[in-house]
Amino acid sequence: MERILWWKRLQRGLMHLFFPECCVGCGAGLTEAETVLCLGCQLLLPETGYHAHTLNETGQRLAGRIPFVFATSFAYFVPDGLLQQLLHGLKYRNRKDIGRFLGTRFGHALQEAGVCVGVDYIVAVPLHPEKERIRGYNQSIIIAEAMGAVLGVPVLDGVLVRTRHTESQTQKTRAERAANMEAAFAVRHSQSLAGKHVLLVDDVLTTGATLEACAQALLGVPGLSISIGTIALAG
Ligand SMILES: [Zn+2]
């Protein structure tokens with residue numbers, strides 16, 4: 001047994017020697033204790049740190065549209081900033097490790113803030129199946145699973161589903177976006193969610209139209225309450 005551990009450790013050490021992982025932020029080689037970002041770049045992440053504040057910026061953006069218990073975001077999305085780089089790697093370069101890294105960090109931040117005490121389940125905002133097929137994975141589920149592992153909260157996959165492909169949102173006004181998203185989601189196996197507190201997780205909060213449409217579907221479940229957690233809060 002010990003021999004196997006020793007061999008595994010040697011293997012890992014040699015892999016690291018020949019294929020050192022690089023920091024996504026600055027390109028420096030990472031130590032064995034670091035993943036995705038070097039410690040220096042980790043400190044540069046513009047974390048919001050406002051998880052326990054009831055009227056934080058995330059909550060303000062969603063207030064009056066979604067009745068939530070708490071709503072918060074891990075960090076600020078600065079154009080061309082470090083978080084944008086990370087999310088780009090996660091979504092378009094198959095870097096699932098970035099999703100696990102961000103979800104773990106967010107999970108620890110929420111745990112420290114003590115806001116997740118009553119949360120029963122984590123649910124990720126689904127991608128349309130066709131989009132997920134092309135990408136190979138849903139980045140929000142990877143984030144949600146890492147958060148769930150830290151918080152000890154199960155992630156429910158397949159209870160919230162996207163029922164139709166929505167057009168691109170970028171050229172639309174807020175009202176047009178909301179209309180575009182209407183009825184884009186549905187809840188399956190709703191009996192498992194009745195009376196539960198669900199933490200709805202997405203990668204980026206921009207207008208909130210997607211989260212609003214998800215919440216609309218979820219709130220059809222009797223007695224369900226919602227909280228919102230996104231990795232990034234965009235401008
Ligand atoms: Zn770095």
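Y50 has a relative accessible area of 8% and is therefore buried, where buried means under 20% relative accessible area, exposed over 50% and partly exposed in between, with a 1.4 Å probe and protein chains only. Y76, at a relative accessible area of 26%, is partly exposed. The model is a predicted one, in which local features need pLDDT of at least 70 and side-chain atom pairs count only at pLDDT 80 or more, while totals for chains, interfaces and linings use all residues. Residues are numbered from 1 along each chain as its sequence is written, and side-chain values use heavy atoms, with hydrogens and water left out.

**Aromatic pairs**

A search of the whole structure finds two aromatic pairs; rings of Phe, Tyr and Trp (its six-membered ring) pair if their centres lie within 6.5 Å, and planes under 30 degrees apart count as stacked, over 60 as edge-to-face and the rest as tilted.

| Pair | Centre to centre | Angle between planes | Class |
|---|---|---|---|
| Y50 and Y76 | 6.2 Å | 90 degrees | edge-to-face |
| F74 and F106 | 5.9 Å | 55 degrees | tilted |

Because Y50 lies in the loop between α2 and α3 (57-62) and Y76 in strand β1 (residues 68-77), their pair ties together parts that are 26 residues apart in sequence. Helices (H or I, at least four residues) and strands (E, at least two) are DSSP runs, numbered from the N terminus. F74 lies in strand β1 and F106 in helix α5, so this pair ties together parts that are 32 residues apart in sequence, and both F74 and F106 are buried.

**Packing of α5 and α7**

The axes of helix α5 (residues 96-113) and helix α7 (residues 139-151) come within 7 Å and cross at roughly 40 degrees. That makes α5 oblique to α7, since angles under 35 degrees count as roughly parallel, over 145 as roughly antiparallel, 65 to 115 as roughly perpendicular and the rest as oblique. The contact (heavy atoms within 4.5 Å) involves residues including F106, G103 and L110 of α5 and I143, A146 and V150 of α7.

**Positive phi angles**

V36, although not a glycine, has a positive phi of about 65 degrees; V36 is placed in the loop between α1 (2-18) and α2 (39-44) and counts as buried at 2% relative accessibility. N94, also not a glycine, has a positive phi of about 60 degrees. The loop between α4 (82-92) and α5 holds N94, which at 48% relative accessibility counts as partly exposed.

Conventions:
Axes are lines fitted to C-alpha atoms, for helices over the stretch in contact, and angles run from 0 to 180 degrees between N-to-C directions.
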